[in-house]
Amino acid sequence: MPPKPSPAPADAGRPTVALVLGSGGLKPLAAIPMLEFLSAHGIQLDLMVGCSGGSLALLALSCGYASSELGAFFKQVLKPSLFPKDWLNLLNMLGLRRKPFHKTQSVFKTAPIRKELRRQVGDRRLEDCPVPLVLQATDFETGEGVELDSGDLVDSVYASIACYPFFHPIQLNGRWLFDGAFSAPLPILPAVRRGMDFIIAMDFSEKLRANPPNFMAAMMHLHQVVGMAVAQSQVLASIDLNGGEIALAKVRFAKVLNLWDTHAYDRILEAGRQAVDEFGPDILAQYRDLAARREPERSRLA
């Protein structure tokens with residue numbers, strides 16, 4: 001088994017920094033302005049953690065796509081034609097066929113999206129990413145959260161984004177894995193467990209619909225409600241456990257965004273810029289204060 005990645009070595013005395021992107025379909029692309037903000041102020045990342053849509057955003061960033069290229073990348077890998085419905089499976093779900101509905105079946109056919117991701121990314125592995133990357137998934141059979149930090153990159157990302165029953169689980173390392181948002185929609189704990197000094201966690205959500213207009217909207221509404229409750233409890237647990245510091249940046253959207261709504265790319269970036277305006281100064285001040293407190297250690301090591 002390949003060695004598990006460890007956080008990138010930091011300068012002596014410099015706080016180690018992790019960026020955590022939560023779930024949210026396309027919404028985690030709003031992290032791009034924050035990444036540009038951190039880079040502009042010389043804040044280096046030693047670890048990135050993603051869940052569901054956050055994993056998809058980190059996939060592109062880890063493969064070297066510039067922020068200016070991400071719009072075209074996602075328009076290609078998330079175009080509606082890559083999400084054909086599997087009508088036989090839908091009949092199984094409704095009990096209209098004798099064949100039972102199985103965990104390997106789903107509302108959408110998954111081969112097209114996985115094939116396109118493979119075409120774009122190739123056979124890269126998680127442990128080859130320039131900044132160590134951890135992806136959150138969920139064990140379908142036990143409900144246990146699973147942290148993926150080695151193995152095939154495309155398969156790992158698919159495991160993290162596979163929102164069942166829309167996308168079926170995938171078998172990796174003897175476990176059936178699906179959407180990490182069911183176990184940790186804002187996975188701060190993987191960064192805590194890896195001893196990060198400063199964790200920047202970005203939470204993405206949209207205004208809940210009071211009356212979802214159809215079955216799929218109702219399912220996504222339920223998924224979002226549960227995710228918000230789980231995320232809130234896990235953030236509090238992470239704060240209690242963490243020996244370092246956590247900065248939480250909340251990115252809010254007024255309208256619902258589907259995974260394939262790539263036409264909304266500019267609106268997503270604008271939401272990210274608003275989050276930088278709101279939370280960026282405090283994040284920068286928090287980091288600089290932490291770095292200043294580390295200065296005596298830096299001087300001693302020098």
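Tutor: Helix axes here are lines fitted to C-alpha atoms over the stretch in contact, and angles run from 0 to 180 degrees between N-to-C directions. Helices (H or I, at least four residues) and strands (E, at least two) are DSSP runs numbered from the N terminus. This is a predicted model, in which local features need pLDDT of at least 70 and side-chain atom pairs count only at pLDDT 80 or more, while totals for chains, interfaces and linings use all residues. Residues are numbered from 1 along each chain as its sequence is written, and side-chain values use heavy atoms, with hydrogens and water left out.

Student: Okay, what is the mean pLDDT of the protein chain?

Tutor: pLDDT is the predictor's confidence in each residue, from 0 to 100. The chain's mean is 83, with 78% of residues at 70 or more.

Student: How many helices and strands does the protein chain have?

Tutor: Nine helices and eight strands. Of the contacts with a separation of 6 or more, 76% link residues 24 or more positions apart. Of the 302 residues, 53% are buried; buried means under 20% relative accessible area, exposed means over 50%, and partly exposed lies in between (1.4 Å probe, protein chains only).

Student: Now helix pairs. At roughly what angle do the axes of α5 and α6 cross?

Tutor: Two packed helices are described by the angle between their axes and the distance between the axes. For α5 (residues 111-121) and α6 (residues 153-161), the axes cross at roughly 140° and come within 10 Å. That makes the pair oblique; the cut-offs are under 35 degrees for roughly parallel, over 145 for roughly antiparallel, 65 to 115 for roughly perpendicular, and oblique for the rest.

Student: Which residues of α5 and α6 meet?

Tutor: R114, L117, R118 and V121 from α5 meet L153, V154, D155 and Y158 from α6. By class, that contact has five nonpolar, no polar and three charged residues. Nonpolar covers Ala, Val, Leu, Ile, Met, Phe, Trp, Tyr, Cys and Pro; charged covers Asp, Glu, Lys and Arg; the others, Gly among them, are polar.

Student: What about α2 and α6: left-handed or right-handed?

Tutor: Left-handed. Their axes come within 8 Å and cross at roughly 155°, so α2 and α6 are roughly antiparallel. On the α2 side you'll find G53, S55, L56 and L59, meeting L153, V157, S160 and I161 of α6. The classes here are five nonpolar, three polar and no charged.

Student: And how far apart are the axes of α2 and α3?

Tutor: 11 Å, at an angle of about 125°, with α2 spanning residues 53-62 and α3 residues 70-77. That makes them oblique, and their crossing is right-handed. The contact uses L56, A57, L59, A60 and L61 of α2 with L70, F73 and F74 of α3: eight nonpolar residues, no polar and no charged.

Student: Why is α2 largely enclosed by the rest of the structure?

Tutor: Because nine of its 10 residues are buried. Among them are G53, L56 and A60. The cover over the buried residues includes β1 (17-21), β2 (47-51), α3, α5, β3 (133-139) and α6.

Student: Last one: which residues is A30 in contact with?

Tutor: Beyond neighbours within four places in sequence, A30 touches M202, F204, V251, F253, I268 and G272. A30 and I268 are 238 residues apart in sequence, yet 5.3 Å apart C-alpha to C-alpha. A30 is buried, at 0% relative accessible area.

Definitions and conventions
Left-handed = near helix turned anticlockwise from the far one by under 90°. Contact = heavy atoms within 4.5 Å.
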